[in-house]
Every structure is written in structure tokens, then in C-alpha cells.
Number of protein chains: 2
Amino acid sequence: MSRPRAFDPDCVLDAARGVFETHGYEAASVQDLVDATGLSRSSLYAAFGDKHGLYLAALDRYSCAGGDALAQTVAAAAAPLDGIRAYLALVAEGGGCFLVNAAAERAATDPDTAGRAAEAWNRLHAAFADALRAAQADGALAPERDADALAATLGATVYGLRGMQSAGAPPEARVVVAETAFAALVGGA
Amino acid sequence: MSRPRAFDPDCVLDAARGVFETHGYEAASVQDLVDATGLSRSSLYAAFGDKHGLYLAALDRYSCAGGDALAQTVAAAAAPLDGIRAYLALVAEGGGCFLVNAAAERAATDPDTAGRAAEAWNRLHAAFADALRAAQADGALAPERDADALAATLGATVYGLRGMQSAGAPPEARVVVAETAFAALVGGA
DNA sequence: CTGTTTCTGGAACAGTCGTTCCAGAAGGTG
DNA sequence: CACCTTCTGGAACGACTGTTCCAGAAACAG
């Protein structure tokens, strides 16, 4: 069976994601990736093809984990609207988003990244829309409200919170935004 | 008085902004900038110092023009809330934002860009807050509403619309978000 | 322990990057 | 017309980029 690989691909991808997230795609050199992952150049290239392939692999892993986080947060809540509120709070307090930054930097020129960015947006929208329709079935949200429009606006709020973080807005300001948006869109207001 | 310069700095900066906006900072080569601006390498370096200086100059020019657009849109409207609505519509239909993309790509590592991103956010927030307080004085907005929180949330919506565009969301979806957010935050809802 | 297969580390590659420099052209002044 | 200052175009620089290649080490099968 030959010699097995001596590294964990997921750990490598997490390390690579960290480099790409802080430096951006272009500014992240292969040397940075070698240092961060602990692998040698040859092993990196053998495992992921090239820099672009490693980037996409890191993006996919992050996208998968991020989608799970959203689904779990919404599912763990007692009521659908509580899940939405909890997820907004999570985003407000959490750090920047690899996918949103990736979209801003590369979606215009890299179709692969653009596809993943679009997919991530659709997943976010769908998760919010499902929760909103569940809330309507529960009677927690008025049935005449447009669930798709509200879901898109909540998604835009998530992206706005990421953008605020890039712009240096403090966490308290982001929490205020998350609460204000939630209250105005689906909350008691 | 010697020979006057044969180019318009503002035109050069607009061309440079176009290159930086579509490629990002790192992926934009000096050769791209030379081709787009029509200047020679020497003239570019003599006028702006280096690539980073040219980038900041383009950022400043864009920031100035963008700030004027916001102020003018709000000032031209019959009522403050109409101005806000018009600006949101403008952002929803307009293209990506150089400053938001710049913040996403470079604010984490470049203090100069970070400072300009923070400044732009503050200006956006202040413009919205001023309009909202004017609306409260007019009686168009209930005086007990928190103008600062609403202004921050409107600002986040603007950033969210930019992010949606990077993620490939179609203009119609962005218009829906702009209208939904406006209605829920300060509109008739 | 031998053979085989795979992974590993580092050297080497061509290409491009941002930047600098210098000779020459171009306009304004006396 | 001659002078002088400034801008211009292009060649040249070293450094670094992503990528490839090759010899050697390491782990499994028999």
C-alpha cells in the first residue's frame, strides 16, 4: 500500500485559508503557504495541483463548514426566528468572512470563485427563507410578508456586517446593526 | 515656467481606479496601469511616487466623488427620507464599490487603506444620521426612533448591496433588498 | 530484511514584478 | 533663435513570483 501521507488535508486547508484570508489571494505567496501549512512545495503541488487549486479547496472547505454553522444555529434554536436572530448575532460578533472577501477580490475575474460566491449566497438566502416560512407556519410571522424579500434583505445584512468589519467598525456597532435589522424586518416592531 | 504636464491627473486617476477596481491591488500590474492611463512609467512614478501612492490617490479621488454623490442625492430630494430612498436605489442599481472592495482586500494589512475605509464608513453613517434627524424634525420619522442605530443599519445595507453584487446577485434582487430594507427601517411599514 | 511505492525537502527554472535611470523631445521664456 | 526646465519613452535592474524536477527518506507488503 505504499507510504501514507503524513498530514491532515483539513488542517492544511485551514492553515491555507488563514493565509488567504489575511493576505488575499494575490498577496499570499506560495512561500507563505508553505510556512503556514508546514508542507513542502512539492507536497502542496502534488496534493492540490497549484495555488489556484489550493485556494478553491480552502474555499470549499470553508463554505461547507460555514453552511453547517448556519444550519446548526438555526436548527438549534427553539423557534425559527430565534435561530435567525442568533445567527445574526454570531455574524456581528464573529470575524471577517473568507467567502465574502474572496468574492470581493476575485469573483470579477475568476469564474471558479464567482460560482462559489453565488452558491454561498443562494444557500444563505435559502436558509433564511426556509426559517421565515417555518415562522409563518408557526404564526410567529405574518403570512402576508414576502419571505423571499425578507430573506434577501437578511442576507444583505449579513454581507453588510462583514463589510463593516472590513471597514473597521467596532463590534458594538455591528451588534446594534444586527439587532436593529432583525427588529425592523421580522421582530416586534 | 518650463513645460506643463500633458495629462489631466483626474483622468489618470479615474483610469487607474478602473484597473484597480477590476483586478484588485495586487493583481493590477504597473504595465496595466501604464496601458490604461496612457502615461509612461516614468511619468506615473514622478507624479504619484509609486504603485501604492497611485492607489491611495485613486482611492481618495473616488472617495471624494462618492461622498459628493451621496450628499447631492440626499440634498436634491424633496424630503430627507426620499433622499435616503433614492440613494439606496442608486446603490442597488449601480455597480460595485471601489472603496468596499478595497477595504475587503487591503484594510487588514494596509493601514492607509484601512483609514480611508473607516473614514468612508463614518461619512456614510453621518450622512444617513443627519437625514434621519432632519426627518424627525419634519415629523416624517417618529422622534423616539434611534437615528444612529438606523443610520448604521442603512449603512450596512449599502455595504450588503455591494457584497451582493460581488456575489453575482442580479440587479432585481438588489432593488428588492433596497426597497425592503427602506420600508422596514424608516418607511411606511 | 528486501523491494516497491509514495511522500518529502530543496535546488533550479523561466517569467514577471515594481522600481530606477538616462538620453532625448517638447514647450515656455528671454 | 537659443536657453532651460520639465516631461516623456524605453531600456535595464534586482528581487521575487509560481512552478517543475530530481535525488533521498520513509513506511508498508512479502
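Good morning, colleagues. The model is predicted, so local features need pLDDT of at least 70 and side-chain atom pairs count only at pLDDT 80 or more, while totals for chains, interfaces and linings use all residues. Residues are numbered from 1 along each chain as its sequence is written, chains are lettered from A and ligands numbered from 1 in the order in which they are written, and side-chain values use heavy atoms, with hydrogens and water left out.

I begin with chain A. Chain A contains nine helices and zero strands, where helices (H or I, at least four residues) and strands (E, at least two) are DSSP runs numbered from the N terminus. Along the sequence, the pattern is α-α-α-α-α-α-α-α-α. Taken along the principal axes, the C-alpha atoms of chain A fill a box of roughly 60 × 40 × 30 Å.

Within chain A, consider helix α5 (residues 80-93) and helix α7 (residues 111-138). Their axes come within 8 Å and cross at roughly 145 degrees; axes are lines fitted to C-alpha atoms, for helices over the stretch in contact, and angles run from 0 to 180 degrees between N-to-C directions. The contact (heavy atoms within 4.5 Å) includes Ile84(A) and Tyr87(A) of α5(A), and Phe128(A) and Leu132(A) of α7(A). By class, its residues are ten nonpolar, no polar and one charged. Here Ala, Val, Leu, Ile, Met, Phe, Trp, Tyr, Cys and Pro count as nonpolar, Asp, Glu, Lys and Arg as charged, and the others, Gly among them, as polar.

Next, the salt bridges. Over all chains, the structure holds 16 of them, each a side-chain nitrogen of Lys or Arg within 4 Å of a carboxyl oxygen of Asp or Glu. One pairs Arg61(A) with Asp10(A), at 3.6 Å from N to O. Arg61(A) lies in α4(A) and Asp10(A) in α1(A), so this pair ties together parts that are 51 residues apart in sequence.

I turn to chain B. Helix α2 (residues 30-37) and helix α3 (residues 41-48) have axes that come within 10 Å and cross at roughly 95 degrees. That makes α2(B) roughly perpendicular to α3(B); angles under 35 degrees count as roughly parallel, over 145 as roughly antiparallel, 65 to 115 as roughly perpendicular and the rest as oblique. Among the residues in this contact are Val34(B) of α2(B) and Tyr45(B) of α3(B).

Helix α4 (residues 51-76) of chain B packs with helix α6 (residues 98-106) of chain B at about 140 degrees, their axes 10 Å apart. The two helices are therefore oblique to each other.

Finally, the interface. 31 residues of chain B are in contact with 31 residues of chain A. Between them the chains bury about 2500 Å², 73% of it on carbon and sulfur atoms; buried area is the accessible area (1.4 Å probe) that two parts lose on being put together, summed over both. Across this interface the rule finds zero salt bridges. On the side of chain B that touches chain A, the elements giving two or more residues are α6, α7 (111-138), α8 (147-166) and α9 (171-185). Of these, α8(B) gives the most, with ten residues. By class, that side has 21 nonpolar, eight polar and two charged residues.
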